[in-house]
Amino acid sequence: MRDWPVEVAMEQWTRREDERLVTGRGRYVADLSVPGCLDAAFVRSPVAHGELRAVDCAGARQVAGVVGAWSAVDLAELPCCAHAAADLQDLPPVPYTLLARLSTEEAVAGREWPVLVKDRVRYPGEAVAVVVGKDRYRAEDGAAEVTFTIDPLPAVVTPAQAADDSVRLFEGMSNVAFEGEAGEPIDESVWQEAAVVVEARYRQQLLMPTPMECRTVLAVPERDRLTVWSGHQMPHRLRRELAALLGWPTERIRVVVPDTGGAFGSKSAAFPEFVAVAYLAVLLGRPVRWIEDRLESMLTATRGRGQDQRVRLAADADGSLLAYELAVDADVGAYPHLGVGLPMQTCWMATGPYRTPRVHSTLRSVVTNTMVTYPYRGAGRPEATIALERSIDLLAGRLGMDPVELRRRNFIPPESFPYRTPTGRTYDSGDYAAALDEALDTLGYADWRAEQARRRADQDALPLGIGLSCYVERSGGEPGGLHEFAALEAREDGMIVARCGAAPSGQGHETTFPALVAKTLGVDQTRVRLVEGDTDELPEGLGSFASRSAQVAGAALQHACGLLVEEARARAAQLWELPVEEVAWSDGAVSPVSGGAAMELGELVKTTGPLRVDDRFESGMGFPFGAHAAVVEVDTELGVVHVLRVVAVDDCGVVLNPVVVKGQAFGSAVQGIGQALYEGIPFDDNGVPQLANGLLDYLLPTATEIPPITVKDTCTPSPSTPLGAKGAGESGCIGTPAAIVNAVADALQPADPGLLQMPLTPDVVWRAARAPKLREAT
């Protein structure tokens with residue numbers, strides 16, 4: 001058995017970045033002061049769908065302080081926004097890789113995303129013109145003077161509305177832009193012969209990632225180069241895409257990521273606004289900046305989720321699962337960017353933690369008159385978990401079985417790993433029953449069931465429900481994107497500069513990575529300085545997404561530590577005229593094995609010259625898992641759900657920093673609560689989001705709505721990475737929503753599960769509370 005480096009797990013650390021950030025000394029794009037900088041404002045469509053007939057920017061150009069105003073007609077050379085067909089972020093695994101690449105390219109062909117609207121508006125807020133002023137106020141004043149004419153067309157804002165092609169977004173092309181599947185079709189005889197079959201439909205509503213800091217970009221031309229500052233998750237990708245769009249070699253573009261106020265997946269593309277800002281900075285020869293405001297973000301920033309799902313789940317009379325079928329119609333927004341293939345994550349993860357012998361999942365990615373759908377914390381895995389876990393509870397009800405027992409009966413046992421699922425995933429390691437047992441013990445499951453029985457016997461008591469959700473997710477990325485670049489440089493003063501291709505947006509890199517390097521090399525943490533988010537500092541990098549920071553970037557840094565030690569020993573051996581094997585490394589110094597004075601690393605550099613190692617390290621896929629439980633009571637008169645308790649037990653393998661991991665788990669659980677109960681985009685009859693009051697119209701859980709949340713963990717190391725770590729950042733978004741919805745269903749027991757569609761607003765819950773109950777129906 002591998003000797004897992006559990007000693008890497010450090011105890012309580014003070015996060016290095018916290019003092020700077022909480023005292024207001026963070027340095028964000030909006031804080032940067034660049035002489036002569038101009039600000040951009042975009043003129044946006046008020047309609048969701050329509051033919052653009054004319055744009056007149058003349059009035060804007062007359063406004064004092066406006067430097068220029070342009071429509072697509074004025075910028076004939078402005079390229080379309082790059083798409084992600086060849087991007088490495090979410091390449092599918094073999095044998096699907098080539099097929100999905102070709103299909104994604106075909107999905108985009110003819111459906112390119114313009115930077116400024118050329119002929120047809122396809123989502124509310126799509127930019128029809130851009131105005132640049134000496135400051136944002138003057139740019140906004142100029143934008144108000146731009147006039148344009150749009151002939152409205154009918155809008156479709158759900159896959160169900162769009163899939164029949166009665167309203168087409170692209171002339172002569174179907175709204176179904178991509179189709180895929182995982183697993184093998186299931187013979188109808190399986191369903192006919194099964195003792196129990198449950199069927200259901202679920203709607204995963206569109207969500208807004210809503211980071212504290214909205215999207216930002218600042219482009220600064222300098223001689224023959226362009227420096228781009230942006231709160232971005234993948235700086236090297238942004239550099240590649242901007243270079244391709246401008247027709248430049250990548251060396252002419254530098255991307256720098258300063259402090260970033262959250263991302264959750266929503267800051268990993270070259271957005272149309274970014275392309276316009278970079279293009280205009282080059283055109284004008286002056287710095288140009290765009291800082292997205294909150295209302296603008298709510299209208300035009302990327303969306304997450306957005307799936308219509310149909311499921312069938314079959315079991316024998318003893319509750320052993322026989323077959324599971326999942327059909328997904330995914331809303332990918334107006335343009336098939338990365339979101340077109342992203343829902344395949346739902347299909348591949350359809351099996352969850354269960355050994356279901358037959359699983360078949362199918363996907364149709366459908367374009368709609370909404371902003372582009374993109375990765376949002378969990379990215380396809382919450383959708384898979386919610387569909388399966390809600391169906392497991394329905395099946396338990398039909399069988400008259402405790403939902404705990406049904407899950408235990410069907411878990412993949414620990415001795416079966418590595419386990420290949422019917423959808424083609426190979427799970428690395430797991431002990432799913434241990435996580436569920438920990439969740440039940442922490443919750444006090446038996447006591448809550450007793451309280452539920454008491455309340456059901458009391459007609460005046462508020463209904464109480466207990467919900468469970470067991471999940472498996474994928475972390476690190478897909479084959480072809482499971483690597484990261486890292487470099488270590490030792491300096492004469494004894495400092496060690498660690499560089500990696502990741503980019504932080506709140507994950508605690510500034511604390512975790514230097515501590516990992518220090519622990520591996522045996523030096524004090526204060527001697528290690530982290531540099532990331534700067535394409536001039538490291539020639540390549542993938543970035544931060546897919547919960548890959550510890551699993552992939554951390555492993556890359558650990559690997560670089562090994563290379564640094566090897567190089568230091570080799571130099572010392574040459575200096576001392578000894579064989580390399582007779583030189584030892586300990587606590588940041590080299591010494592002869594036979595005895596003699598040790599030489600500190602800094603002194604070695606002074607004697608032998610600069611010491612830097614660069615390398616690319618490839619990890620394997622990780623499959624974190626967990627069990628979440630929730631207890632709710634429902635006020636049936638008001639339709640209000642009171643969450644009394646949430647327990648989240650997650651297993652992300654070896655934990656590098658317990659404080660950071662707990663914070664990630666807690667924060668993502670809060671976002672999971674938001675999806676279950678509060679968050680959703682209201683549209684009017686013309687497909688325009690009704691968000692004029694900002695976050696009063698799109699409800700996020702605040703401190704008032706956060707229930708007691710207990711975060712615990714189990715540890716099942718991953719054999720796919722030398723650290724044994726798996727991703728930790730997305731667990732709550734994946735496990736918590738289904739637990740809460742299952743708890744509400746357990747409290748109300750409606751005969752029709754389709755009545756409880758997220759978000760469970762008071763109106764939804766009130767109606768479900770008055771519908772026929774399952775007990776009455778049976």
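Visitor: Which residues lie nearest the centre of the second largest pocket?
Guide: This is a predicted model, and in it Asp-393, Leu-394, Gly-397, Gln-749 and Leu-774 lie nearest the centre of that pocket. They belong to a lining of 25 residues.

Visitor: How much space lies in the second largest pocket?
Guide: About 630 Å³.

Visitor: Which helix gives the most to its lining?
Guide: Helix 11 does, with 6 residues. Helix 11 covers 381–399. Strand 8 (196–207), helix 14 (445–456) and helix 19 (731–748) also put in at least two residues each.

Visitor: OK, new topic. Where does helix 19 lead, I mean, what's in the loop between helix 19 and helix 20?
Guide: Pro-759 lies in that loop, and helix 20 spans 762–769. The peptide bond joining Met-758 and Pro-759 is cis, with omega about -5°.

Visitor: What about the bond from Phe-417 to Pro-418, cis or trans?
Guide: Cis, with omega near -5°. Pro-418 sits in the loop between helix 12 (403–410) and strand 16 (419–420).

Visitor: Is Ser-547 buried or exposed?
Guide: Buried, because its relative accessible area is 16%, under the 20% cut-off.

Visitor: And Glu-577, buried or exposed?
Guide: Exposed, with a relative accessible area of 72%. Glu-577 has a positive phi too, about 55°, and its loop runs between helix 16 and strand 22 (583–586).

Note on methods:
Residues are numbered from 1 along each chain as its sequence is written. This is a predicted model: local features need pLDDT of at least 70, side-chain atom pairs count only at pLDDT 80 or more; totals for chains, interfaces and linings use all residues. Side-chain values use heavy atoms; hydrogens and water are left out. On a 1 Å grid over the protein atoms alone, a cavity is a set of points where a 1.4 Å probe fits but cannot get out, and a pocket is an open set with protein on both sides within 12 Å along at least five of seven lines; lining residues have an atom within 4 Å of a point. Grid points are joined across faces, edges and corners, and a volume is the space filled by probe spheres set on the points. Helices (H or I, at least four residues) and strands (E, at least two) are DSSP runs, numbered from the N terminus. Buried means under 20% relative accessible area, exposed over 50%, partly exposed in between (1.4 Å probe, protein chains only).
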